[in-house]
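Start with the strands, then move to the core, the ligand shell and the domains.

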Amino acid sequence: MNVVIRPDEADVTRYAYEFLRDRMNRKRYRVLGLPTGSTPLRLYRAVIDGFKRGEVDFADVHTFNLDEYLGLPPDHPQSYRRFMETNLFGQINIKPENINFLSGLPRDIEEECERYERAIRELGGIKLQILGIGRDGHIGFNEPTSSLASRTRDKTLTRETIEDNRRFFERDEEVPRWALTMGVGTIMEAREVLLLATGRAKADAVAAMIEGPVTTMCTASALQMHPRVTVVIDEAAAAKLNHDDYYRWMADNDARMVGYLEERRRRFLTGDSAQPEAAQKQ
Ligand code: F6R
């Protein structure tokens with residue numbers, strides 16, 4: 001995992017936006033996996049601003065959202081579909097037919113989940129999957145004990161997740177208990193993953209995901225088995241990491257590696273045997 005620690009949420013957002021912009025423009029990623037929740041809100045605002053400046057174009061981009069509450073129609077104020085419309089899709093040039101969502105009111109749950117998996121496959125798979133993380137270490141709605149090989153399916157939410165969501169609903173009985181969600185196995189097939197976490201409340205989950213064992217008790221820990229994961233967190237979310245010194249050291253050195261290598265090659269090719277400046281300092 002590439003662990004990037006930034007001072008605060010604003011910096012996490014800047015990093016994440018530049019990361020996404022780079023993948024869309026340089027790597028031509030056209031199929032994105034997206035989360036809802038409070039974590040990506042600032043990123044979506046940055047994307048809208050970037051779109052207005054002409055830095056990112058969604059004309060031929062397809063999106064797949066991670067999950068949707070079961071029982072909510074698409075236009076329900078708390079549906080994830082509505083959330084995405086309000087906070088992103090309504091303000092960029094994405095084509096409505098390129099937006100993919102799990103239905104909150106499917107006629108047949110299994111068929112609906114299979115349809116979603118098929119739609120992802122038919123577009124050649126998700127290139128960049130953006131994720132948040134729950135306090136219990138969930139990604140999507142893959143709550144603790146979810147199979148790390150799971151595919152898109154229905155999931156009963158934990159009491160903790162339901163509690164976290166309660167504030168968004170006027171009446172208790174409206175708070176959804178079930179959701180449809182991409183599985184951990186589905187998420188693991190994305191070419192690249194960018195996970196964002198901010199705030200002290202996420203510190204335990206972040207530590208378990210990065211430094212704990214790979215376990216269904218923290219489904220985000222499955223990402224340790226993914227070859228291209230970048231985790232961007234603020235200082236508060238990094239508070240429980242044991243090896244944060246190494247992640248900072250790694251970030252410092254990674255930034256110097258390309259220049260160092262170029263210098264070594266130049267010296268080798270020109271027969272100049274003196275040590276490059278970067279190596280002398282070590
Ligand atoms: C939402 C999702 C969830 C959230 C997680 C964190 O689509 O898949 O896994 O990313 O619950 O939520 P926030 O960002 O609200 O703390």
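## Sheet

Strand S2 (residues 31-34) and strand S3 (residues 62-65) run parallel, joined by four bridges. Leu32 has Thr63 of S3 opposite. Strands are DSSP runs (E, at least two residues), numbered from the N terminus. Two strands pair when DSSP finds at least two bridges between them.

The open sheet has seven strands, paired in parallel, in the order S1-S10-S9-S6-S2-S3-S5. Strand S1 (2-6) and strand S5 (99-100) stand at the edges with a single partner strand each, so one side of each has no neighbour in the sheet.

## Basis of the model

The model is predicted: local features need pLDDT of at least 70, side-chain atom pairs count only at pLDDT 80 or more, and totals for chains, interfaces and linings use all residues. Residue numbers run from 1 along each chain as its sequence is written.

## Nonpolar core

The largest nonpolar core has 65 residues; Ile133, Leu195 and Val206 touch the most other members. Such a core is a set of buried Ala, Val, Leu, Ile, Met, Phe, Trp, Tyr and Cys residues joined through C-beta atoms within 7 Å. Buried means 20 or more other C-beta atoms within 10 Å of the residue's own, with C-beta atoms placed from the backbone.

Leaving out residues up to four places away in sequence, Ile133 touches Ile139, Leu195, Ala197, Lys202, Ala205, Val206, Met209 and Ala220. Contact means C-beta atoms within 7 Å.

## Ligand shell

Around the ligand are 13 residues (C-beta within 6 Å). Gly37, Ser38, Thr39, Gly132 and Gly134 come nearest.

## Domains

An automatic or database assignment sets the bounds: domain 1 covers 2-242 and domain 2 covers 255-282. Their C-alpha centres lie 41 Å apart.

Key
Buried ≥ 20, exposed ≤ 12 C-beta atoms within 10 Å, placed from the backbone. Contact = placed C-beta atoms within 7 Å.
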